Every structure is written in C-alpha cells, then in structure tokens.
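User: I'd like to learn how to read a few features of a protein model, one at a time. Could we begin with the packing of helices?

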Amino acid sequence: MIGVRTVTGDVPAAELGRVDYHEHLFQVSPLLPGDELDDEAASGAEAGHLRDSGFEAMVDATPIGLGRRPAALRRISGATGLRIVATTGTHREQHYPADHWLRELSAADRAELFVRDLTEGMPPEDGPDAADRTDVRAGLVKAGIGYWSISPFERATLDAVAEAASRTGAPVMVHLEFCTAAHEVLDLLEAAGVAASRVVLAHADRDPDSVLHLELAARGAFLGYDGMARPRTRSDAELVGLTEAVVDGGGARHILLGGDVARSTRYLAYGGMPGLGYLGARYVPRLRQAVGETATTRMLVDNPHRFLTWSTPA
Ligand SMILES: [Zn+2]
C-alpha cells in the first residue's frame, strides 16, 4: 500500500493535511525567460510562505527537462515541514527546444523513463544519459497538450503516461490550454486503461464554463483551479463565481486548488509578488465565504488526498 508518494517517502493521505495541488519550486523554460526558479534558498523561503498561509503539502508540478531539482525538493521539505509530491512526465511540446533530447524518445522509451522516476528515483539533473539516480521518487506523472491540439510529441507522452500510470498506479496530471480538448484527452487515457478518476485537468478554470466542468466531473475527472491572482485574464470574483456554480451543480468532490504561480517575478522571495501565500491568505477566505467550510475543506483536503493516493496497478 503506497498511499501518497512524497519526496521524503510514502505516507497515508490522511497525513497530508491541506494540499496545494499545483506549484513550481523549480522551473526553467525557454517560454518563461527572466522567470527562472532556480535558487534553492529563495524557493525554500517561498515554500515557507506557502506553509504559513495554511498548507501542509504541495505538488511540485515541474516535469522532466524543465529544471527539476529532486534533492533540493527533499531538503526544502525537511526544512519547512511541507510534504512535497514531485512530478515526472513532460510538459506541452512548446517548452522544449527543437534539439531537445526528449524529442528522440519513443512513447515506449518515455514510459520506461517515467516508471523509473516513479519507482526508483529521479536523476539529479535531467539528461539523455542520466544513469545515476537519486532515491527521490516522483509521485505523479504529467502530460501537456496545446490549444485544441495534440502534437505527435504530446501524443507520445500521453501514451507513455497511460502506460506508466497503468503499471504503477500513480495519479495523472494533464496540462490543458484553456481547458480545450479535455474530453478528447480523457477519451484517449480511458482507451489506454486510465480511468478519468485518476486524472486532474490542470488549468480547467481558464475556460470558466460550469456546464463543461460538470460534464468532466460526471466522468470522474478532477478539475484543477489555479488561475487566481490573474486579473489581466480573469478576476478572482469570476473564479469564485465559477466555483459556486460547479459546487451548486454537485461538482465539489472534483475540484483541486493550486496557485500555479510559477514565475520568479511573482515570488516574494525572488523580489516579485504576490507570492505563493496569496492562495491561502487572500483567495481561500473569499472562497470559504462563498461556498462554505464543507466544500472548501473538500477542495483543500479530501479531494487532493483521493487524487494523490496511488491505485492498485492494472
Ligand atoms: Zn504549472
């Protein structure tokens, strides 16, 4: 019985407390120049802000090739007391330069890599010949797709994610652009043996359509709401309104909350704002007022515990 696989070991879900389902303590991508998260001391301080805002656990959602730092995650977990779940898999294709080594890997090769990250440990630095591995294991496997688009690169990862999840029982995260192709991704994963109830659709709130969300929840999927503090695209008021509509429609058991702040210019410890503390300090109180304590606790505690618990391998 694995329970939840964290960077410091496997724990029963009940020990996790409140969970932020989506942040990045380390991330480097050509799509985010000047926003590198690569300073262990600063990322550790920011993790402390998250803890102080009312969280006991978080998912570091950075997949292979984007500056993961497994050993540093374990040190930060030890120093802050935050439980951290690390990620394997890949992001959507655009994050990888044309000559990136990952592009050479078939779906079968990727599945092997993901399974080793989940069961043996992640390498200290991602690379084509990362033979030496740490004993820090990933607890989640991730894929990403484009806007109404699944490229061959992304399809290979989806196939590999399905294979790795079936073989290990690990939970699955899929990055969507504006919640497009959500049904199509669930169809594809289900056909490959992964139930929708094992999958979180990250950034589902970028299409604030409660009817669509209730359809996806009815299939069993988790909805990742992580777009708060982005008034240029959508105000928190609209996100709270969307959440109320989905809760009223019976979808409260399917919502996960995260900040996905993801940029150094948004981290206090890197000199930016509003920081990882925004979710707990500013957003959650508003949400609680709108939907009540029971629904809020589902989103912060019960739902992520259910999602992150490994299932029995197929
Ligand atoms: Zn993210």
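User: What are the angle and the axis distance at which H8 and helix H9 pack?

Analyst: Two packed helices are described by the angle between their axes and the distance between the axes. Here, H8 (residues 277–291) and H9 (residues 293–308) pack at an angle of about 130°, with their axes 7 Å apart. Axes are lines fitted to C-alpha atoms, for helices over the stretch in contact, and angles run from 0 to 180 degrees between N-to-C directions. H8 and H9 are therefore oblique to each other; angles under 35 degrees count as roughly parallel, over 145 as roughly antiparallel, 65 to 115 as roughly perpendicular and the rest as oblique. Helices (H or I, at least four residues) and strands (E, at least two) are DSSP runs, numbered from the N terminus.

Please keep in mind that this is a predicted model: local features need pLDDT of at least 70, side-chain atom pairs count only at pLDDT 80 or more, and totals for chains, interfaces and linings use all residues. Residues are numbered from 1 along each chain as its sequence is written, and side-chain values use heavy atoms, with hydrogens and water left out.

User: Which residues make the contact between H8 and H9?

Analyst: Contact means heavy atoms within 4.5 Å. H8 contributes Val 284, Leu 287, Arg 288 and Val 291, and H9 contributes Glu 293, Ala 295, Thr 296, Met 299 and Leu 300. They divide into 6 nonpolar, 1 polar and 2 charged. In this scheme Ala, Val, Leu, Ile, Met, Phe, Trp, Tyr, Cys and Pro count as nonpolar, Asp, Glu, Lys and Arg as charged, and the others, Gly among them, as polar.

User: Let's take Thr 296: is this residue buried or exposed?

Analyst: Buried means under 20% relative accessible area, exposed over 50%, partly exposed in between (1.4 Å probe, protein chains only). At 1% relative accessibility, Thr 296 is buried. Leaving aside neighbours within four places in sequence, Thr 296 touches Val 284, Leu 287, Arg 288 and Val 291.

User: Now a single helix, please. Which residues of helix H5 are buried?

Analyst: An α-helix has 3.6 residues a turn, so residues three or four places apart point the same way. In H5 (residues 182–191), the buried residues are Ala 182, Val 185, Leu 186, Leu 188 and Leu 189. They cover an arc of only 160° around the axis, which puts them on the same side of H5; the arc is that of the directions from the helix axis to the C-beta atoms. Their cover includes helix H4 (152–168), strand S8 (172–175), strand S9 (199–202) and helix H6 (210–218).

User: And the metal: which residues coordinate the zinc ion?

Analyst: Donors are N, O and S atoms within 2.8 Å of the metal (3.2 Å for Na, K and Ca); water is not among the atoms, so sites may look incomplete. The zinc ion is held by His 22 (NE2), His 24 (NE2) and Asp 260 (OD), at 2.1 to 2.3 Å. His 22, in strand S3 (residues 19–23), and Asp 260, in the loop between strand S11 (255–257) and H8, link distant parts of the chain, 238 residues apart. Both His 22 and Asp 260 are buried.

User: Last, the backbone. What is the phi of Trp 148, and what is that of Cys 179?

Analyst: Trp 148 has phi near 45°, a positive value in a residue other than glycine. Cys 179 has a positive phi too, near 60°. Trp 148 is exposed, with a relative accessible area of 56%, whereas Cys 179 is buried, at 4%.
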